[in-house]
Amino acid sequence: MAKIVSFSNQKGGVGKTTSCVNIAAQIAKKGKKVLMIDMDPQGNATSGLGIAKSKIKKTIYDVIIGQCTIEDAVLKSNFSNLWVVPANIDLAGAELELYELENQTDFAKLALDTVKDKFDYIFIDCPPSLGMLTVKALSVSDGIVIPMQCEFYSLEGMSQLLNTVKKIRQLYNPDLQLVGILLTMYNSRLTLTAQVVAELKKYYADKLFKVPISRTVRISEAPGYGEPICYHDPYGKGSLEYAAVAKELMNRI
């Protein structure tokens with residue numbers, strides 16, 4: 001049965017989608033069957049795998065509102081062992097519809113139950129908010145990965161996100177675990193970086209992934225080519241860092 005992991009942070013621009021796409025691709029490259037579900041209306045995880053949003057017929061939105069099964073929406077990517085349930089701007093209207101759906105968490109579990117035995121991992125790229133789409137994703141996940149920049153605003157947002165995780169455990173999903181906190185856009189030369197890392201180690205030392213993700217041009221440009229970094233620049237620094245994180249994630253969950 002697949003392990004289900006959500007990538008979530010209510011703060012935008014922290015490398016959440018980039019991390020979800022690249023970790024999924026790294027694990028798929030190791031021979032594991034991976035399904036990535038794009039739950040962000042921006043659809044960046046979809047385009048990051050080279051899938052044109054204009055040509056998509058079924059999306060996660062159609063699954064949520066009951067227009068199709070999740071199997072109908074699954075697309076094979078151009079990369080080994082990697083499938084995706086895409087998203088586009090239609091998903092932006094799903095928040096309101098989710099409030100109207102009864103037993104929404106049960107519906108989400110039912111949707112994934114039909115594909116869990118076909119994959120080793122299911123990764124969910126959450127939107128940059130703590131709205132119903134994120135709640136829906138966390139309610140069906142075995143674990144959560146929190147990508148964050150080494151900035152004090154990110155540090156402040158961490159407690160808010162962890163409070164949400166606590167509520168999800170109480171209300172919907174008692175087994176949800178914090179898989180890890182992933183530092184992104186890391187620059188060891190900055191004093192601020194050292195300060196934030198020191199603060200994180202005080203409270204979350206055992207949850208920090210050992211290898212942070214550096215800020216590199218190659219990682220930033222890879223989505224423009226519709227490729228994960230392990231295909232765009234397989235021997236570069238970013239690819240090696242994501243490979244290390246992927247290996248550690250597999251050992252944690």
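1. The radius of gyration discussed here is taken over C-alpha atoms, and the globule rule is 2.2 Å times the number of residues to the power 0.38. For 253 residues, a compact globule would have a radius near 18 Å; the chain has 17 Å, which agrees. The model is a predicted one.

2. As for overall dimensions, a box of roughly 50 × 40 × 30 Å, taken along the principal axes, holds the C-alpha atoms of the chain. Its secondary structure consists of twelve helices and seven strands.

3. When contacts between residues at least 6 apart in sequence are considered, 80% of them join residues at least 24 apart.

4. Regarding the surface, the accessible area of the chain is about 11,600 Å², and carbon and sulfur atoms account for 50% of this area.

5. D40 is placed in the loop between strand β2 (34-38) and helix α2 (44-47). D40 counts as buried because its relative accessible area is 3%, and the cut-off for a buried residue is under 20%.

6. The surroundings of D40 may be inspected in the structure. With neighbours within four places in sequence left aside, D40 is in contact with K16 and T17, with A87 and L91, and with D125, C126, P127 and P128. The contacts of this buried loop residue thus include another aspartate, D125, and a lysine, K16.

Note on methods. Residues are numbered from 1 along each chain as its sequence is written. This is a predicted model: local features need pLDDT of at least 70, side-chain atom pairs count only at pLDDT 80 or more; totals for chains, interfaces and linings use all residues. Side-chain values use heavy atoms; hydrogens and water are left out. Helices (H or I, at least four residues) and strands (E, at least two) are DSSP runs, numbered from the N terminus. Contact means heavy atoms within 4.5 Å. Accessible areas come from the Shrake-Rupley method with a 1.4 Å probe; for residues, only the protein chains shown count as cover. Buried means under 20% relative accessible area, exposed over 50%, partly exposed in between (1.4 Å probe, protein chains only).
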